[in-house]
Amino acid sequence: MTDIMQQLRDNTRPAHDQIEATTPLTALIEGKGNKQDFINVLKASLSYYRPFEQRVMACPDAAVTEFMQPRLKTDLIKRDLSRLGVTAEDIDAVADYPVP
């Protein structure tokens, strides 16, 4: 694993742990979830990916941004939330997870 990938993994572990520990995610994994649980998990994911991806894509190193470009998830999560009936206003209101 490259140094940048290991740093990324190490620095994002708390956010992943928080998302993975959410009750809606547990319910979905156990096959007991519902649409609202899925929406809540997507919102939690958005709160992490949006600020992280904004900061990574602002990196002056073209190798980093070229590596990340095909891996960006923010727009996909926002599209999924919209298709599940979440309004653009509610999507924009999701609080960002503080990125170190």
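Biologist: Which residue takes a positive phi just after α5?

Modeller: Bear in mind that this is a predicted model. Just past the end of α5 the phi angle reaches about 95 degrees, a positive value, and the residue that takes it is Gly 85.

Biologist: How far apart are the C-alpha atoms of Ala 62 and Gly 85?

Modeller: Ala 62 belongs to helix α4, and its relative accessibility of 41% places it in the partly exposed class. Along the chain, Ala 62 and Gly 85 are 23 residues apart.

Biologist: Which residues of α5 are buried, and why can they be said to line one face of the helix?

Modeller: An α-helix has 3.6 residues a turn, so residues three or four places apart point the same way. In α5, which runs over residues 74-83, the buried positions are Thr 74, Ile 77 and Leu 81. Viewed down the axis of α5, these buried residues keep within an arc of 70 degrees, so they line one face of the helix.

Biologist: Which exposed residues does α5 carry on the face turned away from its buried side, and what covers the buried residues?

Modeller: On the face of α5 turned away from the buried side, the exposed residues are Asp 75 and Arg 83. As for the buried residues of α5, their cover includes α3 and α6, the latter spanning 88-92.

Biologist: Which element gives the most residues to the largest nonpolar core?

Modeller: The largest nonpolar core has 15 residues, and those with the most contacts inside it are Leu 46, Ile 77 and Leu 81. Two or more residues of this core come from each of α3, α4 and α5. Leaving aside residues up to four places away in sequence, Ile 77 touches Leu 42, Ser 45, Leu 46 and Tyr 49. The element that gives the most to this core, with seven residues, is α3.

Biologist: Turning to the largest pocket, which helix supplies the largest share of its lining?

Modeller: The largest pocket has a volume of about 450 Å³, and 20 residues line it, with Leu 8, Asn 11, Thr 12, Phe 52 and Val 56 lying nearest its centre. At least two lining residues come from each of α1 (3-20), α3 (35-57) and α4 (62-68). Sorted by class, the lining holds 16 nonpolar, three polar and one charged residues. The largest share, eight residues, is supplied by α1.

Biologist: Is Phe 52 buried or exposed, and which residues does it touch?

Modeller: Phe 52 lies in helix α3, and with a relative accessible area of 10%, under the 20% cut-off, it is buried. Its C-alpha atom is 8.8 Å from that of Pro 98, although Phe 52 and Pro 98 are 46 residues apart in sequence. Not counting residues up to four places away in sequence, Phe 52 touches Leu 8, Thr 12, Met 68 and Val 99.

Biologist: Finally, for the chain as a whole, what share of contacts with a separation of 6 or more joins residues 24 or more positions apart?

Modeller: The protein chain has six helices and zero strands, and its C-alpha atoms fill a box of roughly 40 × 25 × 20 Å along the principal axes. Of its 100 residues, 30% are buried. Among contacts with a separation of 6 or more, the share made by residues 24 or more positions apart is 63%.

Technical notes: Residues are numbered from 1 along each chain as its sequence is written. This is a predicted model: local features need pLDDT of at least 70, side-chain atom pairs count only at pLDDT 80 or more; totals for chains, interfaces and linings use all residues. Side-chain values use heavy atoms; hydrogens and water are left out. On a 1 Å grid over the protein atoms alone, a cavity is a set of points where a 1.4 Å probe fits but cannot get out, and a pocket is an open set with protein on both sides within 12 Å along at least five of seven lines; lining residues have an atom within 4 Å of a point. Grid points are joined across faces, edges and corners, and a volume is the space filled by probe spheres set on the points. Helices (H or I, at least four residues) and strands (E, at least two) are DSSP runs, numbered from the N terminus. Ala, Val, Leu, Ile, Met, Phe, Trp, Tyr, Cys and Pro count as nonpolar, Asp, Glu, Lys and Arg as charged, and the others, Gly among them, as polar. Buried means under 20% relative accessible area, exposed over 50%, partly exposed in between (1.4 Å probe, protein chains only). The arc is that of the directions from the helix axis to the C-beta atoms. Contact means heavy atoms within 4.5 Å. A nonpolar core is a set of buried Ala, Val, Leu, Ile, Met, Phe, Trp, Tyr and Cys residues joined through side-chain atoms within 4.5 Å.
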